[in-house]
Amino acid sequence: MYRLVGLAFVLGVLGASAAMPPDADRQLAQEIYKEMIEVRSGYTTGSTTPIAEMVAARLRAAGFPESDIFVGGASPKKANLVVRYRAVKSGAGPLKPILLLAHTDVVEANREDWSTDPFQLIEKDGYFYGRGTSDDKAQAAVWIASLIRYKREGFKPDRDIIVALTADEEGGGPYNGVIWLLKNKRELIDADLCLNEGGGGVMVGGKKIANNIQVSEKSYADFKFEVHNRGGHSSVPVPDNAIYHLATALERLSRYSFPLKTDEVTRAYFREMAKVEDGSLKNDLMKIGDGSSEAARAAMQRVASVSPRWNSTLRTTCVATELAGGHALNALPQLATANVNCRIFPGESVESVQKALRLAIGDEQVAIHVQGDIDVGPASPMRPDVLNAVARLSDSMWPGVVIIPVMSTGATDGRYLRVAGIPTYGVSGFFSDRDDVRIHGRDERMNVNSFYEGQAFLYQLVKDLSAGQ
């Protein structure tokens, strides 16, 4: 769909023989990667400040002026780093900046759960092991290594290049770095577009098949189901029981499905996925990609029934994740609650989801409250400059790999940038096995070759998009 390959490009600086960065730059990226992994930056117990300060010191040593480096945030333990590489082209003035985003906090990890120390970068069997190796310190390390390389090489972009390494993407809340920067330091990160996590390469059986570009994502929302009751003595039970009301509501929720739907992004996704599947599944994916005909709707039903991931791609989903009730072993419950986590399809409102839940539950004694502020963001436009740049570079490095626009069913900080008017694209060039996803899990790891290939890919992609001469 976006395969635009030019001979001059293929024979250029990143031809087939130049898939890896120079040795010195590979070493630099690995050193930064190691330093980041070995900082305990778990979002509940750790700190991102040591990473921000370490990176700032490297940038100063590389010649970045203090005025172009910012370290700060909502908490002394939750520092963000923002650095600007300035365009120096004379004339009418530079284009609006490009923002390179990565978060340096990680999901917590316990040593006893892992086969290696999660806060040591361990290389074995062709992989880098450690918490954050995939999510998201690889991209953070590559952004900084690339910026230092641009400085050393005297690269002259037509637009400023901004790198933001942020805190608490995993935990959110008051210390979230992107939210804090948008509210307090918008001028530091305001940009024409942003490159972020959320996309990346997909392998099956060791074969590279796709390089995904995240252009949209579902919105995250928590709803509290709550039942109050007068209670009483457990020796005199009555049908009007708070736990029974809640249990019935959750059982009805388990049987409810939101309507199937597609949009421009997901239709493009299924059209491209049809190129790497076969048999009846291939035909169904093609039908979904073609539009909203009756044949497409029947295909959506079949695809949603065979794949939980594709089911989530085709509709809003809501699932119970926490449960509490009662106050004493010998008393009728006065309160029963459940948290229901929803991932909302782009274009749907929080209010419409709340209304659908009420109708599905059908019990006025079950109150449904929205938890916190919900940002429902738009999709990023399918910009030809971004999509074609990714396609050209991918094709030069990995011929035959398809470029697939995707909607993430999870969430990244890209949603806040999209709401703020900064189109955001998840892309990395880091390839991983789709059947061995360890992000947030035990023994998280990154393929060593994929790390360096991603470094080469991102280094050149940013050069292409910043139109340097």
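Trainee: At 22% relative accessibility, how does I374 count: buried, partly exposed or exposed?
Mentor: This is a predicted model, with local features needing pLDDT of at least 70, side-chain atom pairs 80 or more, and totals for chains, interfaces and linings using all residues. Residues are numbered from 1 along each chain, and side-chain values use heavy atoms, without hydrogens and water. Buried means under 20% relative accessible area and exposed over 50%, with partly exposed in between (1.4 Å probe, protein chains only). At 22%, I374 therefore counts as partly exposed.

Trainee: Which residues does I374 touch, leaving out those up to four places away in sequence?
Mentor: I374 sits in the loop between β15 (367-371) and α13 (384-397); helices are DSSP runs (H or I) of at least four residues, strands (E) of at least two, numbered from the N terminus. V350 is 24 residues from I374 in sequence, yet their C-alpha atoms are 7.5 Å apart. With contact meaning heavy atoms within 4.5 Å, I374 touches Y220, A221 and V350.

Trainee: How many residues of helix α8 are buried?
Mentor: Helix α8 covers residues 264-273 and is mostly covered. Its buried residues pack against β9 (207-217), α9 (279-290), α10 (294-306), α11 (308-313) and β16 (402-408). They are V265, T266, A268, Y269, F270, E272 and M273. Of the 10 residues in α8, the number buried is 7.

Trainee: Which residues of α3 make the contact with α2?
Mentor: The helices are α2 (residues 23-37) and α3 (residues 49-61). From α2, the contact uses L28, E31, I32, E35 and M36. From α3, the residues are I51, M54, V55 and R58.

Methods: Axes are lines fitted to C-alpha atoms, for helices over the stretch in contact, and angles run from 0 to 180 degrees between N-to-C directions.
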